[in-house]
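I opened this entry to keep track of what I looked up in the structure. The notes follow the order in which I went through it.

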Number of protein chains: 2
Amino acid sequence: MRTPSVLPPTHLVRDVFFVSDSTGITAETLGRALLANFPGANFRQHTVPFIDTLDGARAVAHDVRKARVDGCKPIVFATVKSAHILAEFNASGAMVIDLLGGHLRELEAVLGTTASDQLGQFHAVGDIELYFARMRAVEYAIEHDDGQSMRALDIADVIIIAPSRCGKTPTTMYLALQYGLLVANYPLTDDDFPSDGLPSTVATYASKCFGLTTTPLRLSQVRHERRPNSTYSSLAQCTLELRRAEDLYRRNRVPFLNSSTKSVEEMSAVIIQSMRLRS
Amino acid sequence: MRTPSVLPPTHLVRDVFFVSDSTGITAETLGRALLANFPGANFRQHTVPFIDTLDGARAVAHDVRKARVDGCKPIVFATVKSAHILAEFNASGAMVIDLLGGHLRELEAVLGTTASDQLGQFHAVGDIELYFARMRAVEYAIEHDDGQSMRALDIADVIIIAPSRCGKTPTTMYLALQYGLLVANYPLTDDDFPSDGLPSTVATYASKCFGLTTTPLRLSQVRHERRPNSTYSSLAQCTLELRRAEDLYRRNRVPFLNSSTKSVEEMSAVIIQSMRLRS
(Lines give C-alpha, C1' and ligand atoms only; values in the text may rest on other atoms or scores of the structure.)
Protein backbone atom coordinates (compact mmCIF):
# COMPACT_ATOMS: atom_id res chain seq x y z
CA MET A 1 0.00 0.00 0.00
CA ARG A 2 1.27 3.43 -0.93
CA THR A 3 0.31 6.36 1.27
CA PRO A 4 -1.82 8.95 -0.49
CA SER A 5 0.06 12.16 -1.07
CA VAL A 6 -1.31 15.69 -1.01
CA LEU A 7 -3.01 16.38 -4.34
CA PRO A 8 -2.18 19.50 -6.33
CA PRO A 9 -4.92 22.14 -6.65
CA THR A 10 -7.56 20.72 -8.97
CA HIS A 11 -8.33 23.96 -10.82
CA LEU A 12 -5.17 23.45 -12.88
CA VAL A 13 -6.10 21.81 -16.14
CA ARG A 14 -3.41 19.78 -17.81
CA ASP A 15 -3.56 19.08 -21.54
CA VAL A 16 -3.12 15.46 -22.57
CA PHE A 17 -2.54 14.35 -26.17
CA PHE A 18 -3.12 10.80 -27.38
CA VAL A 19 -1.04 10.71 -30.55
CA SER A 20 -0.81 7.77 -32.94
CA ASP A 21 0.51 6.91 -36.39
CA SER A 22 -2.67 4.81 -36.75
CA THR A 23 -6.21 5.23 -35.34
CA GLY A 24 -5.27 6.43 -31.84
CA ILE A 25 -7.57 3.89 -30.22
CA THR A 26 -4.82 2.08 -28.34
CA ALA A 27 -3.16 5.32 -27.22
CA GLU A 28 -6.49 6.65 -26.01
CA THR A 29 -7.61 3.46 -24.26
CA LEU A 30 -4.35 2.78 -22.44
CA GLY A 31 -3.73 6.49 -21.78
CA ARG A 32 -7.14 6.89 -20.18
CA ALA A 33 -6.70 3.73 -18.12
CA LEU A 34 -3.43 5.21 -16.80
CA LEU A 35 -4.93 8.67 -16.10
CA ALA A 36 -7.84 7.08 -14.21
CA ASN A 37 -5.33 6.32 -11.46
CA PHE A 38 -5.03 10.04 -10.72
CA PRO A 39 -8.62 10.96 -9.83
CA GLY A 40 -7.52 14.23 -8.19
CA ALA A 41 -6.14 15.73 -11.40
CA ASN A 42 -7.93 17.64 -14.14
CA PHE A 43 -7.14 16.65 -17.73
CA ARG A 44 -8.19 18.18 -21.05
CA GLN A 45 -7.87 15.36 -23.58
CA HIS A 46 -7.08 15.48 -27.30
CA THR A 47 -6.83 12.50 -29.67
CA VAL A 48 -4.66 12.97 -32.75
CA PRO A 49 -4.68 10.00 -35.14
CA PHE A 50 -2.67 9.29 -38.31
CA ILE A 51 0.49 11.25 -37.40
CA ASP A 52 2.95 9.42 -39.64
CA THR A 53 4.97 12.29 -41.15
CA LEU A 54 7.39 14.83 -39.71
CA ASP A 55 5.09 17.66 -40.82
CA GLY A 56 2.23 16.09 -38.90
CA ALA A 57 4.47 15.66 -35.87
CA ARG A 58 5.51 19.32 -35.99
CA ALA A 59 1.88 20.45 -36.08
CA VAL A 60 1.23 18.37 -32.93
CA ALA A 61 4.35 19.79 -31.27
CA HIS A 62 3.08 23.29 -32.08
CA ASP A 63 -0.23 22.56 -30.31
CA VAL A 64 1.63 21.06 -27.37
CA ARG A 65 3.76 24.21 -26.98
CA LYS A 66 0.63 26.40 -27.06
CA ALA A 67 -0.94 24.22 -24.35
CA ARG A 68 2.00 24.67 -22.01
CA VAL A 69 0.69 27.28 -19.57
CA ASP A 70 0.62 27.78 -15.81
CA GLY A 71 3.70 25.60 -15.41
CA CYS A 72 1.55 22.60 -16.27
CA LYS A 73 3.61 20.35 -18.53
CA PRO A 74 1.38 18.70 -21.16
CA ILE A 75 1.46 14.92 -21.42
CA VAL A 76 1.77 13.09 -24.75
CA PHE A 77 0.82 9.41 -24.86
CA ALA A 78 2.35 8.17 -28.08
CA THR A 79 1.89 5.04 -30.16
CA VAL A 80 4.17 5.98 -33.04
CA LYS A 81 6.99 3.84 -34.31
CA SER A 82 9.19 6.52 -35.86
CA ALA A 83 11.95 7.79 -33.57
CA HIS A 84 12.05 11.03 -35.59
CA ILE A 85 8.40 11.73 -34.86
CA LEU A 86 8.88 10.97 -31.16
CA ALA A 87 11.84 13.36 -31.12
CA GLU A 88 9.54 16.20 -32.26
CA PHE A 89 7.23 15.54 -29.33
CA ASN A 90 10.14 15.40 -26.90
CA ALA A 91 11.43 18.73 -28.21
CA SER A 92 8.01 20.32 -27.55
CA GLY A 93 8.57 20.31 -23.79
CA ALA A 94 5.87 17.73 -23.09
CA MET A 95 6.22 14.69 -20.88
CA VAL A 96 6.21 12.01 -23.60
CA ILE A 97 5.01 8.55 -22.60
CA ASP A 98 6.07 6.14 -25.32
CA LEU A 99 3.59 3.26 -25.17
CA LEU A 100 5.35 1.16 -27.83
CA GLY A 101 9.09 1.76 -28.01
CA GLY A 102 10.27 0.37 -24.69
CA HIS A 103 8.11 -2.70 -25.04
CA LEU A 104 9.35 -3.32 -28.59
CA ARG A 105 12.91 -3.36 -27.24
CA GLU A 106 11.83 -5.88 -24.56
CA LEU A 107 10.26 -8.07 -27.25
CA GLU A 108 13.32 -7.81 -29.49
CA ALA A 109 15.43 -9.07 -26.61
CA VAL A 110 13.32 -12.15 -25.91
CA LEU A 111 12.62 -12.95 -29.58
CA GLY A 112 16.22 -12.42 -30.64
CA THR A 113 15.19 -10.42 -33.71
CA THR A 114 14.42 -6.82 -34.60
CA ALA A 115 11.01 -5.27 -35.11
CA SER A 116 10.12 -4.67 -38.72
CA ASP A 117 9.89 -1.09 -39.88
CA GLN A 118 6.43 -1.17 -41.39
CA LEU A 119 4.00 1.25 -39.81
CA GLY A 120 0.59 0.44 -38.36
CA GLN A 121 0.63 -3.18 -39.40
CA PHE A 122 -1.94 -4.20 -36.89
CA HIS A 123 -4.94 -2.14 -37.89
CA ALA A 124 -3.89 -1.86 -41.53
CA VAL A 125 -4.41 -5.53 -42.14
CA GLY A 126 -7.32 -5.54 -44.56
CA ASP A 127 -7.86 -9.18 -43.73
CA ILE A 128 -10.92 -10.09 -45.75
CA GLU A 129 -11.74 -13.14 -43.61
CA LEU A 130 -11.78 -11.10 -40.42
CA TYR A 131 -13.82 -8.46 -42.21
CA PHE A 132 -16.40 -11.03 -43.31
CA ALA A 133 -16.60 -12.44 -39.80
CA ARG A 134 -17.28 -9.04 -38.23
CA MET A 135 -19.76 -8.05 -40.91
CA ARG A 136 -21.64 -11.34 -40.59
CA ALA A 137 -21.65 -11.00 -36.80
CA VAL A 138 -22.96 -7.41 -36.85
CA GLU A 139 -25.67 -8.31 -39.35
CA TYR A 140 -26.63 -11.37 -37.32
CA ALA A 141 -26.84 -9.17 -34.21
CA ILE A 142 -29.08 -6.62 -35.96
CA GLU A 143 -31.33 -9.36 -37.35
CA HIS A 144 -31.63 -11.06 -33.95
CA ASP A 145 -31.93 -7.97 -31.76
CA ASP A 146 -34.72 -8.06 -29.19
CA GLY A 147 -36.12 -11.38 -30.34
CA GLN A 148 -36.96 -10.02 -33.81
CA SER A 149 -35.93 -13.18 -35.61
CA MET A 150 -35.69 -16.80 -34.58
CA ARG A 151 -33.98 -17.82 -37.82
CA ALA A 152 -30.66 -19.63 -37.52
CA LEU A 153 -30.58 -19.59 -33.71
CA ASP A 154 -28.80 -22.93 -33.98
CA ILE A 155 -25.63 -21.18 -35.17
CA ALA A 156 -25.69 -18.55 -32.38
CA ASP A 157 -22.62 -18.58 -30.13
CA VAL A 158 -24.71 -17.13 -27.31
CA ILE A 159 -28.30 -15.98 -26.72
CA ILE A 160 -28.58 -13.16 -24.20
CA ILE A 161 -31.89 -13.13 -22.30
CA ALA A 162 -33.11 -10.42 -19.91
CA PRO A 163 -36.00 -8.09 -19.09
CA SER A 164 -36.20 -4.92 -21.19
CA ARG A 165 -33.37 -2.36 -20.58
CA CYS A 166 -30.88 -4.59 -18.79
CA GLY A 167 -28.20 -4.00 -21.43
CA LYS A 168 -28.84 -6.77 -23.97
CA THR A 169 -28.43 -4.69 -27.13
CA PRO A 170 -25.13 -2.85 -26.54
CA THR A 171 -23.55 -6.02 -25.10
CA THR A 172 -24.71 -8.05 -28.10
CA MET A 173 -23.27 -5.50 -30.51
CA TYR A 174 -19.96 -5.29 -28.66
CA LEU A 175 -19.53 -9.09 -28.72
CA ALA A 176 -20.26 -9.06 -32.46
CA LEU A 177 -17.93 -6.19 -33.37
CA GLN A 178 -15.03 -6.84 -31.04
CA TYR A 179 -14.99 -10.63 -31.20
CA GLY A 180 -16.98 -11.56 -34.33
CA LEU A 181 -19.33 -13.74 -32.25
CA LEU A 182 -22.85 -14.60 -33.42
CA VAL A 183 -25.10 -13.23 -30.68
CA ALA A 184 -28.89 -13.17 -30.50
CA ASN A 185 -30.83 -11.51 -27.73
CA TYR A 186 -34.34 -12.18 -26.47
CA PRO A 187 -36.46 -10.07 -24.12
CA LEU A 188 -38.12 -11.63 -21.07
CA THR A 189 -41.61 -10.20 -20.70
CA ASP A 190 -44.53 -10.91 -18.37
CA ASP A 191 -45.70 -13.54 -20.87
CA ASP A 192 -42.61 -15.59 -20.17
CA PHE A 193 -43.16 -16.02 -16.46
CA PRO A 194 -46.27 -18.17 -15.99
CA SER A 195 -44.23 -21.32 -16.59
CA ASP A 196 -41.10 -22.51 -14.84
CA GLY A 197 -39.14 -23.11 -18.03
CA LEU A 198 -37.33 -20.90 -20.49
CA PRO A 199 -39.44 -19.20 -23.20
CA SER A 200 -40.26 -21.84 -25.82
CA THR A 201 -38.41 -19.94 -28.56
CA VAL A 202 -35.07 -20.27 -26.80
CA ALA A 203 -35.69 -23.38 -24.66
CA THR A 204 -34.17 -25.64 -27.35
CA TYR A 205 -30.94 -23.68 -27.02
CA ALA A 206 -30.81 -23.53 -23.21
CA SER A 207 -27.07 -24.24 -23.16
CA LYS A 208 -26.42 -21.13 -25.30
CA CYS A 209 -28.42 -18.82 -23.00
CA PHE A 210 -26.84 -16.19 -20.77
CA GLY A 211 -28.97 -13.95 -18.53
CA LEU A 212 -28.61 -10.34 -17.48
CA THR A 213 -30.01 -8.74 -14.37
CA THR A 214 -29.50 -5.38 -12.69
CA THR A 215 -30.69 -3.58 -9.57
CA PRO A 216 -34.34 -2.41 -9.45
CA LEU A 217 -33.23 1.20 -8.89
CA ARG A 218 -30.90 1.21 -11.86
CA LEU A 219 -33.48 -0.48 -14.10
CA SER A 220 -36.09 2.07 -13.03
CA GLN A 221 -33.68 4.92 -13.88
CA VAL A 222 -32.92 3.47 -17.31
CA ARG A 223 -36.57 2.76 -18.09
CA HIS A 224 -37.58 6.21 -16.86
CA GLU A 225 -35.31 7.60 -19.59
CA ARG A 226 -37.48 5.83 -22.18
CA ARG A 227 -40.98 6.13 -20.62
CA PRO A 228 -41.08 8.54 -17.68
CA ASN A 229 -43.60 7.93 -14.88
CA SER A 230 -45.00 4.73 -16.38
CA THR A 231 -45.84 1.42 -14.74
CA TYR A 232 -43.02 0.05 -16.93
CA SER A 233 -40.47 2.26 -15.21
CA SER A 234 -41.91 1.99 -11.67
CA LEU A 235 -39.69 0.58 -8.97
CA ALA A 236 -42.36 -2.02 -8.08
CA GLN A 237 -42.56 -3.36 -11.66
CA CYS A 238 -38.76 -3.39 -12.03
CA THR A 239 -38.34 -5.24 -8.72
CA LEU A 240 -40.90 -7.84 -9.76
CA GLU A 241 -39.46 -8.43 -13.24
CA LEU A 242 -35.91 -8.78 -11.98
CA ARG A 243 -36.91 -11.20 -9.23
CA ARG A 244 -38.79 -13.35 -11.76
CA ALA A 245 -35.91 -13.25 -14.23
CA GLU A 246 -33.35 -14.28 -11.62
CA ASP A 247 -35.63 -17.13 -10.48
CA LEU A 248 -35.90 -18.24 -14.09
CA TYR A 249 -32.11 -18.19 -14.55
CA ARG A 250 -31.53 -20.19 -11.37
CA ARG A 251 -34.23 -22.78 -12.07
CA ASN A 252 -32.87 -23.37 -15.57
CA ARG A 253 -29.19 -23.17 -14.63
CA VAL A 254 -28.64 -20.22 -16.97
CA PRO A 255 -25.48 -18.33 -15.98
CA PHE A 256 -26.16 -14.63 -15.42
CA LEU A 257 -24.55 -11.42 -14.28
CA ASN A 258 -25.61 -8.14 -12.76
CA SER A 259 -25.03 -5.35 -15.26
CA SER A 260 -25.57 -2.43 -12.87
CA THR A 261 -21.93 -1.69 -12.09
CA LYS A 262 -20.37 -3.06 -15.24
CA SER A 263 -19.38 -1.53 -18.53
CA VAL A 264 -20.31 -3.13 -21.84
CA GLU A 265 -16.67 -4.25 -22.18
CA GLU A 266 -16.72 -5.94 -18.79
CA MET A 267 -20.02 -7.71 -19.42
CA SER A 268 -18.70 -8.99 -22.74
CA ALA A 269 -15.52 -10.31 -21.12
CA VAL A 270 -17.51 -12.07 -18.38
CA ILE A 271 -19.86 -13.68 -20.91
CA ILE A 272 -16.95 -14.91 -23.05
CA GLN A 273 -15.22 -16.38 -20.01
CA SER A 274 -18.34 -17.93 -18.54
CA MET A 275 -19.54 -19.47 -21.83
CA ARG A 276 -15.98 -20.49 -22.84
CA LEU A 277 -16.39 -18.76 -26.18
CA ARG A 278 -12.65 -18.40 -26.78
CA SER A 279 -9.88 -20.86 -26.04
CA MET B 1 16.37 2.12 -40.56
CA ARG B 2 17.31 -1.02 -38.76
CA THR B 3 18.75 -3.90 -40.75
CA PRO B 4 16.56 -6.99 -40.82
CA SER B 5 18.12 -9.82 -38.85
CA VAL B 6 17.91 -13.52 -39.52
CA LEU B 7 14.58 -14.84 -38.28
CA PRO B 8 14.44 -17.87 -36.00
CA PRO B 9 12.83 -21.03 -37.43
CA THR B 10 9.11 -20.36 -37.70
CA HIS B 11 7.95 -23.83 -36.68
CA LEU B 12 8.59 -22.87 -33.05
CA VAL B 13 5.34 -21.72 -31.50
CA ARG B 14 5.66 -19.33 -28.60
CA ASP B 15 2.81 -18.99 -26.09
CA VAL B 16 1.68 -15.46 -25.34
CA PHE B 17 -0.64 -14.55 -22.47
CA PHE B 18 -2.58 -11.28 -22.30
CA VAL B 19 -3.37 -11.04 -18.59
CA SER B 20 -5.46 -8.33 -16.96
CA ASP B 21 -7.11 -7.51 -13.64
CA SER B 22 -9.98 -6.13 -15.77
CA THR B 23 -11.35 -7.15 -19.19
CA GLY B 24 -8.04 -7.82 -20.93
CA ILE B 25 -9.02 -5.68 -23.92
CA THR B 26 -6.18 -3.20 -23.50
CA ALA B 27 -3.59 -5.93 -22.87
CA GLU B 28 -4.79 -7.80 -25.94
CA THR B 29 -4.99 -4.78 -28.24
CA LEU B 30 -1.62 -3.31 -27.35
CA GLY B 31 0.01 -6.73 -27.07
CA ARG B 32 -1.17 -7.70 -30.55
CA ALA B 33 -0.05 -4.36 -31.99
CA LEU B 34 3.41 -5.03 -30.55
CA LEU B 35 3.55 -8.64 -31.78
CA ALA B 36 2.53 -7.52 -35.29
CA ASN B 37 6.03 -6.05 -35.59
CA PHE B 38 7.49 -9.56 -35.59
CA PRO B 39 5.81 -11.11 -38.63
CA GLY B 40 8.35 -13.95 -38.78
CA ALA B 41 7.39 -15.38 -35.41
CA ASN B 42 4.64 -17.86 -34.53
CA PHE B 43 2.51 -17.03 -31.50
CA ARG B 44 -0.23 -19.00 -29.73
CA GLN B 45 -2.31 -16.38 -27.93
CA HIS B 46 -4.33 -16.66 -24.71
CA THR B 47 -6.39 -13.89 -23.09
CA VAL B 48 -6.94 -14.18 -19.34
CA PRO B 49 -9.22 -11.46 -17.88
CA PHE B 50 -10.16 -10.63 -14.27
CA ILE B 51 -6.95 -11.84 -12.58
CA ASP B 52 -7.16 -9.75 -9.42
CA THR B 53 -6.25 -12.26 -6.71
CA LEU B 54 -3.06 -14.14 -5.85
CA ASP B 55 -4.86 -17.45 -6.42
CA GLY B 56 -5.81 -16.33 -9.92
CA ALA B 57 -2.23 -15.21 -10.56
CA ARG B 58 -0.87 -18.59 -9.44
CA ALA B 59 -3.23 -20.41 -11.81
CA VAL B 60 -1.91 -18.27 -14.68
CA ALA B 61 1.69 -18.88 -13.58
CA HIS B 62 0.94 -22.62 -13.60
CA ASP B 63 -0.28 -22.43 -17.21
CA VAL B 64 2.77 -20.36 -18.15
CA ARG B 65 5.13 -22.97 -16.69
CA LYS B 66 3.35 -25.73 -18.62
CA ALA B 67 3.72 -23.70 -21.84
CA ARG B 68 7.47 -23.35 -21.45
CA VAL B 69 8.77 -25.95 -23.87
CA ASP B 70 11.45 -26.17 -26.55
CA GLY B 71 13.40 -23.38 -24.90
CA CYS B 72 10.72 -20.95 -26.03
CA LYS B 73 10.11 -18.55 -23.16
CA PRO B 74 6.42 -17.58 -22.97
CA ILE B 75 5.54 -13.90 -23.04
CA VAL B 76 3.08 -12.33 -20.59
CA PHE B 77 1.60 -8.94 -21.49
CA ALA B 78 0.18 -7.67 -18.22
CA THR B 79 -2.21 -4.89 -17.30
CA VAL B 80 -2.43 -5.60 -13.58
CA LYS B 81 -1.79 -3.02 -10.89
CA SER B 82 -0.80 -5.34 -8.03
CA ALA B 83 2.95 -5.82 -7.65
CA HIS B 84 2.27 -9.14 -5.88
CA ILE B 85 0.38 -10.49 -8.87
CA LEU B 86 3.12 -9.35 -11.25
CA ALA B 87 5.67 -11.09 -9.01
CA GLU B 88 3.87 -14.41 -9.56
CA PHE B 89 4.18 -14.00 -13.32
CA ASN B 90 7.84 -13.07 -13.04
CA ALA B 91 8.48 -16.17 -10.94
CA SER B 92 6.91 -18.36 -13.64
CA GLY B 93 9.89 -17.92 -15.95
CA ALA B 94 7.99 -15.88 -18.56
CA MET B 95 9.16 -12.67 -20.15
CA VAL B 96 6.72 -10.28 -18.43
CA ILE B 97 5.90 -7.06 -20.27
CA ASP B 98 4.26 -4.73 -17.77
CA LEU B 99 2.07 -2.40 -19.84
CA LEU B 100 1.02 -0.22 -16.88
CA GLY B 101 3.61 -0.07 -14.11
CA GLY B 102 6.45 1.79 -15.78
CA HIS B 103 4.08 4.34 -17.28
CA LEU B 104 2.37 4.90 -13.93
CA ARG B 105 5.77 5.76 -12.43
CA GLU B 106 6.37 8.23 -15.29
CA LEU B 107 2.98 9.83 -14.64
CA GLU B 108 3.58 10.00 -10.90
CA ALA B 109 6.79 11.90 -11.59
CA VAL B 110 5.20 14.52 -13.82
CA LEU B 111 2.02 14.87 -11.73
CA GLY B 112 3.87 14.98 -8.42
CA THR B 113 1.45 12.57 -6.79
CA THR B 114 1.01 8.82 -6.38
CA ALA B 115 -1.39 6.59 -8.27
CA SER B 116 -4.37 5.51 -6.24
CA ASP B 117 -4.61 1.86 -5.30
CA GLN B 118 -8.05 1.12 -6.62
CA LEU B 119 -8.17 -1.61 -9.22
CA GLY B 120 -9.66 -1.39 -12.67
CA GLN B 121 -11.08 2.06 -12.19
CA PHE B 122 -11.37 2.75 -15.86
CA HIS B 123 -13.71 0.05 -17.05
CA ALA B 124 -15.44 -0.35 -13.70
CA VAL B 125 -16.97 3.09 -13.86
CA GLY B 126 -20.67 2.32 -14.23
CA ASP B 127 -21.17 5.84 -15.54
CA ILE B 128 -24.86 5.97 -16.30
CA GLU B 129 -24.55 8.96 -18.64
CA LEU B 130 -21.96 7.22 -20.80
CA TYR B 131 -24.07 4.09 -20.70
CA PHE B 132 -27.15 6.00 -21.89
CA ALA B 133 -25.16 7.61 -24.68
CA ARG B 134 -23.84 4.29 -25.99
CA MET B 135 -27.22 2.60 -25.70
CA ARG B 136 -28.97 5.44 -27.51
CA ALA B 137 -26.29 5.42 -30.19
CA VAL B 138 -26.51 1.64 -30.78
CA GLU B 139 -30.30 1.79 -30.94
CA TYR B 140 -30.16 4.73 -33.31
CA ALA B 141 -27.72 2.81 -35.51
CA ILE B 142 -29.97 -0.27 -35.59
CA GLU B 143 -33.05 1.84 -36.39
CA HIS B 144 -31.24 3.71 -39.17
CA ASP B 145 -29.31 0.82 -40.69
CA ASP B 146 -29.48 0.55 -44.47
CA GLY B 147 -31.92 3.44 -44.89
CA GLN B 148 -34.62 1.64 -42.86
CA SER B 149 -35.80 4.80 -41.13
CA MET B 150 -35.64 8.48 -42.01
CA ARG B 151 -36.91 9.54 -38.58
CA ALA B 152 -34.75 11.99 -36.66
CA LEU B 153 -32.05 12.28 -39.31
CA ASP B 154 -31.66 15.89 -38.16
CA ILE B 155 -29.95 14.70 -34.97
CA ALA B 156 -27.54 12.35 -36.79
CA ASP B 157 -23.86 13.16 -36.28
CA VAL B 158 -23.06 11.58 -39.62
CA ILE B 159 -24.90 9.78 -42.44
CA ILE B 160 -22.78 7.18 -44.21
CA ILE B 161 -23.75 6.64 -47.86
CA ALA B 162 -22.41 3.95 -50.21
CA PRO B 163 -23.38 1.17 -52.59
CA SER B 164 -24.33 -2.13 -50.97
CA ARG B 165 -21.46 -4.01 -49.24
CA CYS B 166 -18.92 -1.19 -49.00
CA GLY B 167 -18.77 -1.45 -45.19
CA LYS B 168 -21.53 0.91 -44.03
CA THR B 169 -23.04 -1.29 -41.33
CA PRO B 170 -19.96 -2.38 -39.32
CA THR B 171 -18.51 1.14 -39.50
CA THR B 172 -21.80 2.64 -38.33
CA MET B 173 -21.95 0.26 -35.41
CA TYR B 174 -18.33 0.87 -34.42
CA LEU B 175 -18.83 4.65 -34.37
CA ALA B 176 -21.93 4.17 -32.20
CA LEU B 177 -20.39 1.75 -29.71
CA GLN B 178 -16.89 3.16 -29.41
CA TYR B 179 -17.72 6.86 -29.57
CA GLY B 180 -21.46 7.11 -28.78
CA LEU B 181 -22.08 8.93 -32.08
CA LEU B 182 -25.49 8.97 -33.76
CA VAL B 183 -24.87 7.40 -37.16
CA ALA B 184 -27.36 6.61 -39.92
CA ASN B 185 -26.47 4.83 -43.12
CA TYR B 186 -28.15 4.89 -46.50
CA PRO B 187 -27.58 2.58 -49.47
CA LEU B 188 -26.93 4.03 -52.93
CA THR B 189 -28.81 1.97 -55.50
CA ASP B 190 -29.34 2.27 -59.24
CA ASP B 191 -32.43 4.39 -58.49
CA ASP B 192 -30.21 7.09 -57.01
CA PHE B 193 -28.10 7.71 -60.10
CA PRO B 194 -30.35 9.21 -62.78
CA SER B 195 -30.02 12.65 -61.17
CA ASP B 196 -26.86 14.58 -60.35
CA GLY B 197 -27.84 15.30 -56.76
CA LEU B 198 -27.84 13.27 -53.56
CA PRO B 199 -30.84 10.97 -52.96
CA SER B 200 -33.74 13.19 -51.85
CA THR B 201 -33.99 11.49 -48.45
CA VAL B 202 -30.52 12.62 -47.42
CA ALA B 203 -30.09 15.72 -49.64
CA THR B 204 -31.33 18.01 -46.83
CA TYR B 205 -28.47 16.76 -44.69
CA ALA B 206 -25.71 16.94 -47.32
CA SER B 207 -23.23 18.39 -44.81
CA LYS B 208 -23.64 15.30 -42.58
CA CYS B 209 -22.97 12.85 -45.42
CA PHE B 210 -19.81 10.77 -45.71
CA GLY B 211 -19.29 8.35 -48.61
CA LEU B 212 -17.59 4.97 -48.82
CA THR B 213 -16.09 3.39 -51.88
CA THR B 214 -13.90 0.35 -52.47
CA THR B 215 -12.21 -1.40 -55.36
CA PRO B 216 -14.41 -3.26 -57.90
CA LEU B 217 -12.53 -6.50 -57.23
CA ARG B 218 -12.98 -6.29 -53.48
CA LEU B 219 -16.66 -5.36 -53.82
CA SER B 220 -17.21 -8.27 -56.18
CA GLN B 221 -15.57 -10.64 -53.66
CA VAL B 222 -17.71 -9.35 -50.80
CA ARG B 223 -20.94 -9.46 -52.83
CA HIS B 224 -20.09 -12.93 -54.11
CA GLU B 225 -20.14 -14.05 -50.47
CA ARG B 226 -23.79 -12.97 -50.28
CA ARG B 227 -25.06 -13.81 -53.78
CA PRO B 228 -22.62 -15.98 -55.76
CA ASN B 229 -22.55 -15.67 -59.56
CA SER B 230 -25.19 -12.94 -59.73
CA THR B 231 -25.29 -9.71 -61.77
CA TYR B 232 -25.13 -7.99 -58.36
CA SER B 233 -21.72 -9.51 -57.64
CA SER B 234 -20.33 -9.26 -61.19
CA LEU B 235 -17.20 -7.21 -61.71
CA ALA B 236 -18.96 -5.13 -64.39
CA GLN B 237 -21.83 -4.15 -62.10
CA CYS B 238 -19.46 -3.40 -59.19
CA THR B 239 -17.24 -1.24 -61.41
CA LEU B 240 -20.27 0.70 -62.66
CA GLU B 241 -21.80 1.31 -59.23
CA LEU B 242 -18.53 2.43 -57.69
CA ARG B 243 -17.80 4.84 -60.57
CA ARG B 244 -21.27 6.37 -60.24
CA ALA B 245 -20.98 6.63 -56.45
CA GLU B 246 -17.60 8.36 -56.63
CA ASP B 247 -18.95 10.78 -59.25
CA LEU B 248 -21.88 11.53 -56.94
CA TYR B 249 -19.56 12.19 -53.97
CA ARG B 250 -17.35 14.51 -56.02
CA ARG B 251 -20.22 16.46 -57.59
CA ASN B 252 -21.82 17.03 -54.20
CA ARG B 253 -18.58 17.62 -52.30
CA VAL B 254 -19.23 14.65 -50.01
CA PRO B 255 -15.98 13.53 -48.38
CA PHE B 256 -15.32 9.83 -48.94
CA LEU B 257 -12.78 7.10 -48.38
CA ASN B 258 -11.81 3.82 -49.94
CA SER B 259 -12.57 1.01 -47.52
CA SER B 260 -10.71 -1.74 -49.37
CA THR B 261 -7.50 -1.67 -47.35
CA LYS B 262 -8.86 -0.28 -44.11
CA SER B 263 -10.15 -1.86 -40.94
CA VAL B 264 -13.42 -0.76 -39.35
CA GLU B 265 -11.38 1.04 -36.68
CA GLU B 266 -9.40 2.97 -39.28
CA MET B 267 -12.46 3.97 -41.27
CA SER B 268 -14.10 5.22 -38.08
CA ALA B 269 -11.05 7.28 -37.13
CA VAL B 270 -10.88 8.82 -40.62
CA ILE B 271 -14.58 9.72 -40.56
CA ILE B 272 -14.28 11.31 -37.11
CA GLN B 273 -11.29 13.35 -38.21
CA SER B 274 -12.74 14.37 -41.56
CA MET B 275 -16.15 15.37 -40.16
CA ARG B 276 -14.59 16.97 -37.06
CA LEU B 277 -16.83 14.92 -34.80
CA ARG B 278 -14.58 15.27 -31.75
CA SER B 279 -12.67 18.29 -30.53
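I began with a helix pair across the two chains: helix H6 (residues 128–143) of chain A packs with helix H7 (residues 168–179) of chain B at an angle of about 75°, their axes 9 Å apart. Axes are lines fitted to C-alpha atoms, for helices over the stretch in contact, and angles run from 0 to 180 degrees between N-to-C directions. H6(A) and H7(B) are therefore roughly perpendicular to each other (under 35 degrees counts as roughly parallel, over 145 as roughly antiparallel, 65 to 115 as roughly perpendicular, the rest as oblique). Helices (H or I, at least four residues) and strands (E, at least two) are DSSP runs, numbered from the N terminus.

I noted that the model is predicted: local features need pLDDT of at least 70 and side-chain atom pairs count only at pLDDT 80 or more, while totals for chains, interfaces and linings use all residues. Residues are numbered from 1 along each chain as its sequence is written, and chains are lettered from A and ligands numbered from 1 in the order in which they are written.

Which residues of H6(A) meet H7(B)? I found Arg134(A), Met135(A), Val138(A) and Glu139(A) against Thr169(B), Pro170(B) and Met173(B). Contact means C-beta atoms, placed from the backbone, within 7 Å. Ala, Val, Leu, Ile, Met, Phe, Trp, Tyr, Cys and Pro count as nonpolar, Asp, Glu, Lys and Arg as charged, and the others, Gly among them, as polar.

I then took the whole interface: 71 residues of chain B are in contact with 73 residues of chain A. The side of chain B that touches chain A has 35 nonpolar, 23 polar and 13 charged residues.

Next I checked how the copies relate. A rotation of 180° with 0.0 Å of shift along its axis superposes chain B on chain A, with an RMSD of 0.0 Å. That is the relation of a two-fold axis. Copies are superposed by least squares on the C-alpha atoms of residues with pLDDT of at least 70 in both. Of the residues of chain B, Ile142(B) comes closest to the rotation axis, at 3.2 Å (C-alpha).

Last, I looked inside chain B. An open sheet of four strands has the order S2-S1-S3-S4, with parallel pairing; strands pair if DSSP finds at least two bridges between them. Strand S2 (42–48) and S4 stand at the edges with a single partner strand each, so one side of each has no neighbour in the sheet. Phe77(B) stands opposite Ile97(B) in S4(B).

Methods
Contact = placed C-beta atoms within 7 Å.
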